[in-house]
Amino acid sequence: MSETTAIVGVGNIGSAVARHLVAGGESVVLAAKDDSGPQALASELGPLARAASVEDAIADAGTVVLAVWLDVMKELIPQQARLLEDKVVIDPSNPIGFDESGQVIRTLPDDQSSGSVVVALLPRARTT
């Protein structure tokens with residue numbers, strides 16, 4: 001029996017991960033700030049996918065994919081720290097953003113990765 005994976009954020013990365021997991025026979029629970037995106041994607045993906053609140057998605061899963069912008073993650077992780085304990089947390093983020101002219105820019109110093117920022121926020125985090 002497979003374990004459920006929570007995917008927080010259903011933009012380009014989150015929806016692609018969800019599609020691949022479901023295609024491989026894995027159950028996913030989808031969550032985002034706005035409920036309409038996860039509900040629409042869950043309907044599209046069928047019985048192996050369902051939508052939930054961010055809190056319920058994290059609580060119901062052993063693995064959590066945080067498919068949100070790094071700045072959002074900086075707020076989300078402290079809010080959900082208790083629920084993230086003992087979970088496998090996957091961080092697909094990159095330290096990028098957009099300047100006032102719409103050009104992609106790096107949002108962290110060159111010597112800092114988004115992964116190092118995220119792992120510092122996670123409760124009892126271990127890196128592998």
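Which strands does helix 2 lie across, and at about what angle does helix 2 run to strand 3? In this predicted model, helix 2 lies across strand 2 and strand 3, and its angle to strand 3 is about 160°. The close-up views below take the sheet and its helices in turn.

**View A. The open sheet has five strands in the order 3-2-1-4-5, paired in parallel.** Strand 3 (49–51) and strand 5 (88–90) form the edges, each of them pairing on one side only. Between neighbouring strands of this sheet the turn is 20° on average, direction being ignored.

**View B. Strand 2 (residues 28–31) pairs with strand 3 in the parallel sense, over three bridges.** Within this pairing, L30 has A51 of strand 3 as its bridge partner.

**View C. Helix 1 packs on the sheet.** The strands that helix 1 touches are strand 1 (5–8), strand 2, strand 3 and strand 4 (63–66), and the direction of helix 1 makes about 160° with that of strand 1.

**View D. Helix 1 (residues 12–23) and helix 2 (residues 36–45) have axes that come within 11 Å of each other and cross at roughly 25°.** Because angles under 35 degrees count as roughly parallel, helix 1 is therefore roughly parallel to helix 2. The crossing in which helix 1 passes helix 2 is right-handed.

**View E. In the contact between the two helices, S15, A18, R19 and V22 of helix 1 meet L41, E44 and L45 of helix 2.**

Definitions and conventions:
Residues numbered from 1 in each chain as written. Predicted model: local features only at pLDDT ≥ 70, side-chain atom pairs only at ≥ 80, totals over all residues. Heavy atoms only, no water. Axes fitted to C-alpha atoms, helices over the stretch in contact; angles between N-to-C directions. Helix = DSSP H or I, 4+ residues; strand = E, 2+ residues; numbered from the N terminus. Parallel < 35°, antiparallel > 145°, perpendicular 65-115°, else oblique. Left-handed = near helix turned anticlockwise from the far one by under 90°. Contact = heavy atoms within 4.5 Å. Pairing = 2+ DSSP bridges.
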